[in-house]
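Hi everyone, thanks for coming. Let me put the structure up, and then we can walk through it together.

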Number of protein chains: 2
Amino acid sequence: MATPVSKIRFHEPQIEMAHGAGGKASRRLVEGLFAPLLFGSSHGPLGDAAHIQINGTPIAITTDSFVVKPLRFPGGSIGELAINGTVNDLAVSGATAEAIVCTFVLEAGLATEVLEAEVRAMAQAADRAGVLIAGGDTKVVEHGKADSMYITTTGIGRLIAGVEISPQSVRPGDKVLLSGPIGDHGITILLARGEFDMEAELRSDTRSVLPLVQELVREAGAGVRWMRDPTRGGVATSLNELARDCGHGIVLFEEKIPVRDSVRGACELLGLDPLHIANEGQFLAIVSAEHAESALQVLRATPGGEEAQMIGEVCEQAENVVLVATLYGGSRLVDMLVGDPLPRIC
Amino acid sequence: MATPVSKIRFHEPQIEMAHGAGGKASRRLVEGLFAPLLFGSSHGPLGDAAHIQINGTPIAITTDSFVVKPLRFPGGSIGELAINGTVNDLAVSGATAEAIVCTFVLEAGLATEVLEAEVRAMAQAADRAGVLIAGGDTKVVEHGKADSMYITTTGIGRLIAGVEISPQSVRPGDKVLLSGPIGDHGITILLARGEFDMEAELRSDTRSVLPLVQELVREAGAGVRWMRDPTRGGVATSLNELARDCGHGIVLFEEKIPVRDSVRGACELLGLDPLHIANEGQFLAIVSAEHAESALQVLRATPGGEEAQMIGEVCEQAENVVLVATLYGGSRLVDMLVGDPLPRIC
C-alpha cells in the first residue's frame with residue numbers, strides 16, 4: 001500500500017468555527033486536506049458511512065464527535081444525540097446499526113451527576129434503537145480544556161438487503177422525499193443558549209430514523225436511490241452536495257417543505273433560512289418516480305412519518321444547483337451553508 | 001432488549017484527572033458507572049477490543065480518544081499514536097486491523113500546518129500498519145475549549161485464526177512475556193513537557209505491535225492465553241487487572257524486566273515505578289509453559305522484538321496479586337496505578 005500522494009488544496013492558514021459547521025468551509029477542509037491525505041485519490045463522494053468488507057462480509061461504519069452546547073436542551077441531550085446520530089448515519093447509508101462504541105473526553109471537575117445523566121441518556125437511546133453498546137474509552141483533561149464533555153460514537157452495522165444508496169444512481173425525474181418538519185433541532189439549540197430574547201414551544205427532533213428508513217426500503221427497494229440525514233448545514237447543504245455528486249439539478253417546491261411556525265418565525269427574525277438549519281431526526285430520500293407516491297404513503301403510515309412530504313424532484317436542467325420554486329411562479333437558488341451562524345449544534 | 005438495571009457503584013462527586021489515568025480510579029469509574037449503565041450485567045472483563053458478530057462474521061472493534069500533551073514529542077505525535085494505539089488494541093485482542101475511522105475536535109485558531117502534520121502522521125502510520133482509513137468527522141470548538149486538538153480513532157478488524165484471548169484461559173505455570181523495554185513513552189512525554197530540569201536520549205516507543213503479535217501467534221497458537229498493550233497505568237496495572245480477572249497471582253522477576261537506564265534514572269528521581277509508566281509500542285503475553293521458550297525465541301528473531309523477555313509467571317498462590325521477586329530473594333507487591341502522576345500521556 002503506497003501512501004496517498006493526492007495534492008492538498010486547503011490553503012487557509014488556520015481553522016475557524018465554520019470549518020466544523022458542515023457547509024462550504026467544512027467541505028473545503030475535508031476535500032482539500034483530509035481526503036487527499038487520508039483517503040487517497042480512489043475515494044468517491046464522502047457519504048454518511050463507509051461500506052467495507054471484513055472476511056467477505058460487507059459492513060457499514062460511521063463515526064462522529066459530539067460537542068453540542070448546551071449539553072441538555074428541550075427534547076434531548078448530547079448523549080441521546082450521540083447515539084441517534086450514529087444510528088441515523090448508518091440508516092441513511094442503507095444499514096442497520098448493530099453495535100456502537102463510544103469515547104468520552106471529560107473536563108476535570110465535571111459533576112458526576114452530569115456525566116451520569118448523559119450515560120443514562122445514551123443507554124436509553126441505544127435501547128430504543130435496538131443497538132448494543134460494545135465498549136468505550138474515557139480520557140480526562142484539565143479543567144478549562146474541554147467544555148464539560150465531548151462524546152464520540154462509532155457505529156457498525158449490517159446492510160439492509162435490496163437497497164444500494166449512491167448519488168450516481170440518481171436520475172432526472174426522481175422525487176425528493178422528506179420525513180418531516182425541518183429546523184427543529186437547530187432552532188431549539190439556538191434558543192436554549194438564551195442569547196436571543198425569544199421563546200418558542202419547540203423541541204429537538206432527535207430520534208432514530210431507522211424504523212422509517214426500514215419501511216421506506218421495504219416499500220420502494222432499489223427505487224430508493226439516495227438518502228441523507230440533513231444535520232449540520234441542513235436540507236440545502238445535503239441537497240447541494242447531492243447535486244454536485246450526481247451531476248443533476250434539484251428543484252424544491254417551497255409550499256411542500258414542512259416548517260413549523262415557530263421555526264419559521266425564529267428564522268425570519270434572525271435572517272436564517274430553515275433550509276440551512278440542522279435536523280437530528282429527519283431524513284431526505286431520492287426515490288424513483290415510479291415508487292415515490294407509494295413510498296410517501298408508507299412513510300406517512302409509519303409512526304413518526306405522518307408529516308412526510310414529497311418536496312421536489314431531480315431535473316436535467318440546472319445542473320449541480322438546487323432551486324426553490326416559489327408559490328408565485330418564481331424560483332431562487334439555494335446554496336450550501338456558508339459561514340457558521342449556529343456553532344456547535346451537534 | 002430491556003434497559004440494563006445494574007446498580008451504579010460510583011459515588012465520587014466529580015471527575016478528576018485520575019479517572020482518565022488508566023489506574024484504580026479509571027477502573028472505579030468504568031466498572032461503577034459506565035459498565036452497569038451501558039454494558040449491562042452480562043458484560044465480562046473489559047478488554048482492549050470487543051468481539052461481536054455481523055451477519056455471522058466475527059469482528060473486533062476498539063475505540064480510543066487521544067488527548068496527549070504536547071502534540072509532538074521525540075519519536076512520535078498524537079496522530080501517529082492514534083493510529084498505532086488502535087492497531088495495537090486490536091492486535092492484543094487477537095485481531096488484525098482492517099479499517100480505521102477517525103474524528104477530530106479542533107480548537108478555532110489552530111494553525112493549519114499543525115493539523116496537516118498530524119493528518120500526515122496518521123496517513124503514514126496507517127500505511128505502515130497496512131490499515132485503511134475509511135472515513136471521519138470534524139468538529140470545531142471555540143478557542144480555549146480544546147487543547148489544540150483531540151483525535152478519536154475506532155478500528156475494526158478480523159480475528160487471527162487459531163488464537164482466543166481470555167483471562168479465563170490463564171493457568172498457573174503459564175509464563176509472562178514482554179516484547180521490549182518499558183516506560184519509554186511515558187517518560188518521553190514527561191520530559192517533553194519541560195516541567196522537570198531533565199534531559200535524556202529517549203524516544204516514545206509508539207509503533208504497531210501487530211507484526212510481533214502475528215509471529216507470536218504463528219508460533220504458539222492457542223498457547224497464547226492473553227495479551228495486552230500496557231499503556232496508561234503501565235505493566236503493573238495491566239497485570240493487576242489480569243490477576244483480578246483470572247483469579248491467579250503473578251510473580252515477576254525483577255532482573256528480567258527490561259528498563260533503559262534513562263527511564264530508570266528519571267523514575268528514581270521522580271519517585272515513580274517504571275512498572276506504572278505507559279508504553280505505546282510494547283505488549284505483554286501470557287503463554288503456556290510448553291510454548292513459552294519457543295515463543296520468546298520467535299519474538300527475539302522478529303525485527304523490533306530483539307529485547308523481548310520472559311519476565312514472570314502465573315502462580316497458584318498469591319491470588320489476585322502481582323509480586324515482584326527481587327534479586328536479593330525478597331519480594332514486593334506491585335499495585336495498580338493510583339492517582340495520576342503523568343496526566344494526558346495518550
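Arg332(B) is partly exposed, at 33% relative accessibility; by the cut-offs used here, buried is under 20% relative accessible area, exposed is over 50%, and partly exposed is in between, with a 1.4 Å probe and protein chains only. Its partner is Glu254(B), and the two side chains meet in a salt bridge of 3.0 Å, N to O. That pair links distant parts of the chain, with Glu254(B) in the loop between strand E10 (249–253) and helix H7 (261–270) of chain B and Arg332(B) in strand E14 (residues 331–333), 78 residues apart. Glu254(B) is also partly exposed, with a relative accessible area of 30%. A salt bridge here is a side-chain nitrogen of Lys or Arg within 4 Å of a carboxyl oxygen of Asp or Glu. Helices (H or I, at least four residues) and strands (E, at least two) are DSSP runs, numbered from the N terminus.

A quick word on where this comes from: it is a predicted model, in which local features need pLDDT of at least 70 and side-chain atom pairs count only at pLDDT 80 or more, while totals for chains, interfaces and linings use all residues. Residues are numbered from 1 along each chain as its sequence is written, chains are lettered from A and ligands numbered from 1 in the order in which they are written, and side-chain values use heavy atoms, with hydrogens and water left out.

Let's stay with salt bridges. Over all chains, the search finds 48 of them. In chain A, Asp147(A) and Lys69(A) pair at 3.9 Å, N to O. Asp147(A) sits in the loop between E6 and E7, and Lys69(A) in the loop between E2 and strand E3 (72–73), 78 residues apart. Asp147(A) is buried at 16%, whereas Lys69(A) is partly exposed at 31%.

Back in chain B, Glu313(B) and Lys175(B) have their closest N and O atoms 2.7 Å apart. Glu313(B) belongs to strand E12 and Lys175(B) to strand E8 (residues 175–178), so this pair ties together parts 138 residues apart in sequence. There is a network too: Arg27(A), Glu31(A), Arg228(A), Glu241(A), Arg244(A) and Asp245(A) are linked by salt bridges.

Now, how many salt bridges are there between chain A and chain B? The count is eight, including Glu142(A) with Arg344(B), whose closest N and O atoms are 2.6 Å apart.

On to the rest of the interface. The contact (heavy atoms within 4.5 Å) takes 80 residues from chain A and 80 residues from chain B. The buried area is about 7,000 Å², with carbon and sulfur atoms giving 67%; that is the accessible area (1.4 Å probe) that two parts lose on being put together, summed over both.

One residue to look at here is Thr103(B), in strand E5 (residues 95–107) of chain B. Thr103(B) counts as buried, at 0% relative accessibility. Its neighbours include Thr63(A), Asp64(A) and Thr152(A) from the other chain.

Finally, the symmetry. Chain A can be laid on chain B with an RMSD of 0.0 Å by a turn of 180 degrees and a shift of 0.0 Å along the axis. The two copies are thus related as by a two-fold rotation axis; the superposition is by least squares on the C-alpha atoms of residues with pLDDT of at least 70 in both. And 100% of the interface residues of chain A are also interface residues in chain B, so the copies meet through the same surface. Thanks, and I'm happy to rotate the view for anyone!

Definitions and conventions: Lists of a residue's contacts leave out its neighbours within four places in sequence.
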